Amino acid sequence: MSSRTGGRILVDQLRAHGVRQVFCVPGESYLAVLDALHESGIGTIVCRQEGGAAYMAEAAGKMTGQPGIVMVTRGPGATNASGGIHVAAQDSTPLIMFVGQVARDMRDREAFQELDYRAVFGSIAKWVVEIDRAERIPELVSRAFHVACQGRPGPVVVALPEDMLTETAVCADAPCFSPVVTRPGADDMEALRRRLLAAARPIVIAGGSGWTARGVDDLMRFAENFALPVAVSFRRQMLFPADHPNFAGDIGIGPNPRLLERVRAADLVLLAGGRLSEMPAQGYALLDVPGDGGRLIHVHPGAEELNKTYRAGLGILATPHAFAAAAAALPRPDAVPWAGAAASAHADYLDWSNPAKITTPGALQMAGVMAHLREAMPADTICCNGAGNYATWLNRFWPYRSFASQLAPTSGTMGYGVPAAVAAKLLAPEREVIAFAGDGCFLMNGQEFATAIQHDLPIIVVVVDNGMYGTIRMHQEREYPGRVSGTALVNPDFAALARSYGGHGETVRETAEFAPALARTRASGKPAIIHCLIDPEAITPARSLSDIRRAALAK
C-alpha cells in the first residue's frame with residue numbers, strides 16, 4: 001500500500017468493482033477524480049447535461065444489472081441529474097451518483113453551489129452518504145455498490161468534499177462487490193406448486209428488475225412446463241419473448257382489453273419480480289388493495305415490498321432469476337385444467353399487436369412505420385423511448401424478442417430515449433439501437449445527440465413530430481375540450497439538426513418514404529435522425545383528437 005489522493009483511491013475502487021465507463025459532466029468540485037480517471041482504463045463519457053448523463057447511467061444499470069455510474073458537480077449539476085435518480089428509484093435500477101461537494105471547512109455557510117445532499121436526495125435515493133475521510137472511501141464505496149444492488153435495486157448518492165479528494169491516505173482497496181442473492185425456500189416452492197395446481201385460471205405477470213438472460217430462459221421453461229400464459233408489466237416487455245406461444249402481452253398504459261379481462265378473471269396471479277404499481281395496475285384497480293388474498297402470489301427481492309400494497313396469499317422473498325430457476329425445476333404435471341389458455345392469450349396478443357389492422361389520419365401511418373421496422377430490423381435491436389403518446393406505437397407493435405433490448409422508464413420521464421440509446425450503443429456496439437422520441441421529448445435531452453457524434457455511436461433516432469405535447473393535449477381535450485392551452489410547439493427541422501451535428505438526417509412525410517429513409521440511414525454509419533411528420537389528429541392507434549373532443553363534449 002502507498003499513499004494516494006482521495007481521487008485516486010476512489011477511481012481505484014471503481015476499477016476494483018469492475019466499472020468500465022462513467023458518464024459525466026465535468027466540474028471543478030471533483031477535478032481530482034477526473035485527473036485519476038486520466039490513465040485508469042475506465043472510459044469517461046463526456047455528456048452535455050447532467051440529466052442526460054444520469055439517464056445514460058440508469059440505462060447502463062438496466063442493461064447490465066450492475067450499477068451505472070454518473071459523476072456530476074455540486075449544486076446545479078446535482079439537481080440537473082435528479083431526474084435520473086428518480087427514474088432509477090421508480091424503475092428499481094442500480095445506479096451510483098458521485099457528486100462534488102464544497103470543502104469541509106466551508107460547509108453549512110451556503111458556500112458556492114453547496115447542497116445538503118441527504119436532505120435533497122433522501123426521499124428518492126436508497127442511501128445518501130458524504131465521505132469525510134479519504135481512508136474510508138473503500139469501505140463506503142463498497143457499501144454503495146451493495147446497497148444499489150441488494151434487495152430492491154435503486155440509486156445511491158455519494159457526496160465528495162473537494163478537499164477530501166486531494167488529501168492523501170494509506171488504505172487497502174475493497175474486494176469486488178458481490179450482492180447477496182435471496183433464494184426461495186423449498187417450502188415456498190411447494191406452496192406455490194400446490195396453489196398453482198389447485199387453480200383453474202392462473203396467469204403470470206413478470207416485472208421489476210434484477211432479471212438475467214438465464215432467468216428469462218428459466219421463466220420460459222416454467223411457463224412451458226405448466227402451460228401458463230405470461231404477461232409482462234409496464235415497460236418490462238423484454239422479460240418474455242413476444243414470439244413465444246405462451247406470451248400474453250404487456251400490462252401498461254392502454255393495454256389490450258382482453259388481457260385485462262384475463263387478469264381480472266384469474267383465480268391465481270403470480271407476480272414475479274414487480275410491484276404492480278399505478279400504471280400496470282390501471283390505477284390500482286386491477287387487483288384489490290390491500291387484499292387479493294388467496295389469488296395473489298408475490299415474488300420480490302425486497303422484503304419491504306411484500307405486503308406493502310397488496311396483501312398476498314403467498315409472499316416469496318427472492319430475486320427474480322433465483323425464483324425462476326427454482327420454478328423451472330418444479331416437476332411438470334401430467335395435465336392442467338387450464339390447458340389452452342396460453343394459446344388463447346397469445347392469439348389475443350397477436351391480434352392486438354398487428355399493425356396492419358390500424359389506420360389513422362394523415363399521410364404518414366405510424367402503423368406502417370412499425371410494420372416495416374418489424375421486417376427490416378434484427379430481433380435483438382435495442383429500442384429506447386421516453387414518455388409521450390408516440391411510445392404507444394413502439395410498446396404495442398414492436399415485438400421484443402431478446403433480453404436487454406428495451407430501455408424505457410416506468411416513471412414516465414420525458415427526454416430519456418436519446419441518452420439511453422447512447423448508453424446502449426456504447427455497451428453493445430454490435431447491436432442496432434433505435435431511440436423513439438416525440439418532438440417535445442427529443443428537445444428535453446436531444447443535445448446528447450452530440451455525445452453520440454463525439455463517441456462515434458451510430459444510433460438511430462426516430463422523432464415523431466406532431467407539433468405539440470401530445471399526451472397532455474389528449475388529456476386536455478378529454479377534460480377541457482376545445483380549450484388548447486400550453487401544449488402547442490414550434491419545432492426545428494430535426495433532419496437538418498442532425499446534419500448540423502455531423503450526423504445523418506432524413507425527413508419522412510408519407511408512409512412510403514420511411515423504408516428508403518431507414519435504408520439510407522443504416523447505410524450511412526452515422527448517428528442519425530429520421531424526422532417523421534405525423535398528423536396531430538393521429539394521437540392514438542384507436543382514437544383521434546377529434547374523437548376524444550367529441551366524446552368529451554357529448555357528456
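I went to the second largest pocket and got a volume of about 610 Å³. A pocket here is an open set of points on a 1 Å grid over the protein atoms alone, with protein on both sides within 12 Å along at least five of seven lines, for a 1.4 Å probe. Volume is the space filled by probe spheres set on the points, which are joined across faces, edges and corners.

The model is predicted, so I note that local features need pLDDT of at least 70 and side-chain atom pairs 80 or more, while totals for linings use all residues. Numbering runs from 1 along each chain as its sequence is written, and side-chain values use heavy atoms, without hydrogens and water.

I then listed the lining (residues with an atom within 4 Å of a point): 36 residues, with G65, P153, S209, G210 and W211 closest to the centre. α3 (50–64) is among the elements that supply at least two residues, and α3 gives the most, with 4. Helices are DSSP runs of H or I, at least four residues, numbered from the N terminus. By class I get 16 nonpolar, 16 polar and 4 charged; Gly counts as polar, Pro as nonpolar, and Asp, Glu, Lys and Arg as charged.

Next I looked up the largest pocket, at about 1200 Å³. I find 45 lining residues, with I253, N389, T392, T471 and M474 nearest the centre. α11 (257–265), α15 (391–397), α17 (439–445) and α19 (470–479) each bring at least two. α19 gives the most, 6 residues.
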